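Colleague: I would like to learn how to read ring pairs and helix packing in a model. Could we go through one case together?

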Amino acid sequence: MRQRRASRSARRAREFQAFVAGAAGRLLHAATLLTAEAPDDNPRAQRLLTLSLAHTYACWDGLRGEDPYDRTRQYLATRFARGAWHRYGGLGGARPHPTSPLFRLAPQERLVLVLRLYEGVAEEQTAALLGLSTERVRAICARAMTTLLHPPRGPAPKVRGAKVAAS
């Protein structure tokens with residue numbers, strides 16, 4: 001009995017290691033996009049990924065044919081969403097790094113955009129995961145895309161030597 005339990009535990013560890021080897025890079029990139037940190041300096045994204053992988057490992061035996069990547073991504077997204085409610089606390093609320101491609105977006109916009117475009121999650125699934133309507137997810141995604149594709153302009157350059165005519 002003890003030998004069988006040890007064998008099962010070793011097999012579980014090997015399966016989980018193989019999963020992490022294949023999925024951790026993509027999940028870390030998604031977490032880095034969510035936290036809007038620099039790719040080479042992403043402690044919040046690493047913590048978010050570590051918590052998500054730990055949760056998946058704890059549930060590993062109960063997955064019963066469920067996709068572990070999907071489960072980890074779901075936990076990562078909900079954990080980020082819960083942390084993002086606190087403006088500058090938690091995992092998602094810290095100030096974004098200006099080199100992040102998504103630094104102009106609010107945490108909810110980043111979350112919807114990453115799930116929809118980077119992870120390829122359907123609108124309906126994203127809405128169900130976040131507890132939003134499909135229309136709301138569509139609107140958030142459209143607003144985020146507009147912000148990314150049409151960034152606000154900076155102030156107009158000053159013209160030297162121009163005199164303002166008095167009326």
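**Rings and helices**

Modeller: Phe16, Phe19, Tyr57 and Trp60 form one aromatic cluster. The model is predicted, so local features need pLDDT of at least 70 and side-chain atom pairs count only at pLDDT 80 or more, while totals for chains, interfaces and linings use all residues. Residues are numbered from 1 along each chain as its sequence is written, and side-chain values use heavy atoms, with hydrogens and water left out.

Colleague: What counts as an aromatic pair, and how many are there?

Modeller: Rings of Phe, Tyr and Trp (its six-membered ring) pair if their centres lie within 6.5 Å; planes under 30 degrees apart are stacked, over 60 edge-to-face, and the rest tilted. The count here is 4 aromatic pairs. One of them joins Phe16 and Tyr57, edge-to-face, with 4.8 Å centre to centre and 65° between the planes.

Colleague: Which parts does the pair of Phe16 and Tyr57 tie together?

Modeller: Helices are DSSP runs of H or I with at least four residues, numbered from the N terminus. Phe16 lies in helix H1 and Tyr57 in helix H2 (residues 43-59), so the pair links parts 41 residues apart in sequence.

Colleague: How are the rings of Phe19 and Trp60 placed?

Modeller: Their centres are 5.7 Å apart and their planes at 45°, so the pair is tilted. Phe19 lies in helix H1 and Trp60 in the loop between H2 and helix H3 (68-84). Phe19 is buried at 11% relative accessibility, and Trp60 is buried at 12%.

Colleague: Where does Arg12 lie?

Modeller: A charge sits over a ring if NZ of Lys or CZ of Arg is within 6 Å of the ring centre and within 35 degrees of the ring normal. Arg12 lies over the face of Tyr57, 4.3 Å from the ring centre. Arg26 has its charged end over the ring of Tyr118, 4.6 Å from the centre.

Colleague: What describes two packed helices?

Modeller: The angle between their axes and the distance between the axes. Axes are lines fitted to C-alpha atoms, for helices over the stretch in contact, and angles run from 0 to 180 degrees between N-to-C directions. Helix H1 (residues 2-35) packs with helix H4 (residues 107-118) at about 145°, the axes 8 Å apart.

Key. Helix = DSSP H or I, 4+ residues; strand = E, 2+ residues; numbered from the N terminus. Buried < 20%, exposed > 50% of the residue type's maximum accessible area, 1.4 Å probe, protein only.
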